[in-house]
Amino acid sequence: MQIYKVGGAVRDALMGLPVHDHDWVVVGASPQQMLDAGYLPVGKDFPVFLHPQTREEYALARTERKTARGYHGFAFHAAPDVTLEQDLARRDLTINAMAQPADAQGLDGLVDPFGGAADLQGRVLRHVSDAFREDPVRILRLARFAARFADFTVAPATQALMREMVADGEVDALVPERVWQELARGLMERQPSRMFEVLRASGALARLLPEVDALWGVPQRAEHHPEVDTGVHLMLVLDMAAALAAPLAVRFACLCHDLGKATTPADLLPRHHGHEQRSAQLLRRLAERLRVPTECRDLADVVAREHGNIHRSGELGAAAVMRLLERCDAIRKPARFEQALLACECDARGRAGLENRPYPQRERLRQCMQSVLAVATDRISSEALAEGRKGPEIGARIQKARLAALEEYLART
């Protein structure tokens, strides 16, 4: 039995990055030998075991064979005679197809049959073998790695292979949950725009997210958007979200905030009247199709509908601001409203040459919300009940007090 550290742990160590998780491959062992050594079986499709002390995963070396379209269409073979090189050959990228003995230090004992170390040095994302085409998830994974390692390029042969896979309909067989899983992880990388650039270049974006793909080539007014192209703007917004360390829900809201601009009638361009409601409709369909979590969907809906009003909120008086807060459900969900404000800042600063401009609307509306939340509604309700007032009358008193608090705050600023 030989144990090797493989995959991302080896890659990240060679890059000088922190290693948080380890993947292990066991060569020359049977499932029974693993059980006898105290390992706990957890794998369903192929033999994977948990170490009895560390609880890290140890997988028996295996090969795989394509049996049907999509992510699940594989047959696996794990046996003591499967070699380490055979196991590495089934992996997606050369930079992920390296191994080291479990007790190796530094670069000692590096097993690199496919040139992964050279590709790390050259900053290249390259497929290991033609078997890459058998798993369409690998297109999404490669795009995600492009977002993580933003200075890496995609090897021309790999780019051509991904285009072939898309043309053959492989990505059409992906299950929604897996698409969302990879999309969400890519959105949280250092430069999310790279993921979408890679997906778009392969043709996969048009198949998986046609609403997003349609934004390229759609013009906007240059006085508001110096970059003009809506797709270019979207990439700037996503990278601003990453720069501001926005959580996933905010980044998804950024992704979907302008979807409606792709449906603007040509005779109205470059203006986009009413695109907010169209964006909300499109994102709801997208979210349903990919089974996006409710938290992400609901925030994206608020941002799509209201980002224009939030941008213009400095022009609004107290009554209009109150209506905006109510439409955003800010009083019941203040944390979500603060996330919506962050998404709007990303939108405002995700424009060519305007990355560093201030966005006072965010703090102003946050303070507006806080002034409304500070109203003592319990006391108002108790006093009204003592006077024999009923529900609608109590609600009207609370609304009046909130509006007065908002007017007072705005008068001071």
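Arg-91 sits in the loop between helix H3 (84-89) and strand S8 (99-101). Helices (H or I, at least four residues) and strands (E, at least two) are DSSP runs, numbered from the N terminus. This is a predicted model: local features need pLDDT of at least 70, side-chain atom pairs need 80 or more, and totals for chains, interfaces and linings use all residues. Numbering starts from 1 along each chain as its sequence is written, and side-chain values use heavy atoms, without hydrogens or water.

Is Arg-91 buried or exposed? Buried, because its relative accessibility is 16%; the cut-off is under 20% relative accessible area, with a 1.4 Å probe and protein chains only. Not counting residues up to four places away in sequence, Arg-91 touches Val-6, Val-25, Asn-96, Ala-97, Val-128 and Arg-138. Contact means heavy atoms within 4.5 Å. The Arg-91 side chain also makes a polar contact with the Asp-87 side chain, at 2.9 Å. That term means a pair of N or O atoms within 3.5 Å; within protein, one must be able to donate a hydrogen and the other to accept it, and residues adjacent in sequence count only if both atoms are side-chain atoms.

Next, Arg-144. It lies in helix H5, residues 137-148. Arg-144 is buried, at 1% relative accessible area. Its contacts, leaving aside neighbours within four places in sequence, are Glu-182, Arg-185, Gly-186, Glu-189 and Met-195.

Now the record. An unreviewed UniProt entry lists "domain: HD" at residues 230-331; UniProt positions use the numbering here, feature names are shortened, and annotations may be inferred rather than shown by experiment. Residues 230-331 are 66% helix and 0% strand. The end C-alpha atoms of that stretch are 32 Å apart.

Conventions
Buried < 20%, exposed > 50% of the residue type's maximum accessible area, 1.4 Å probe, protein only.
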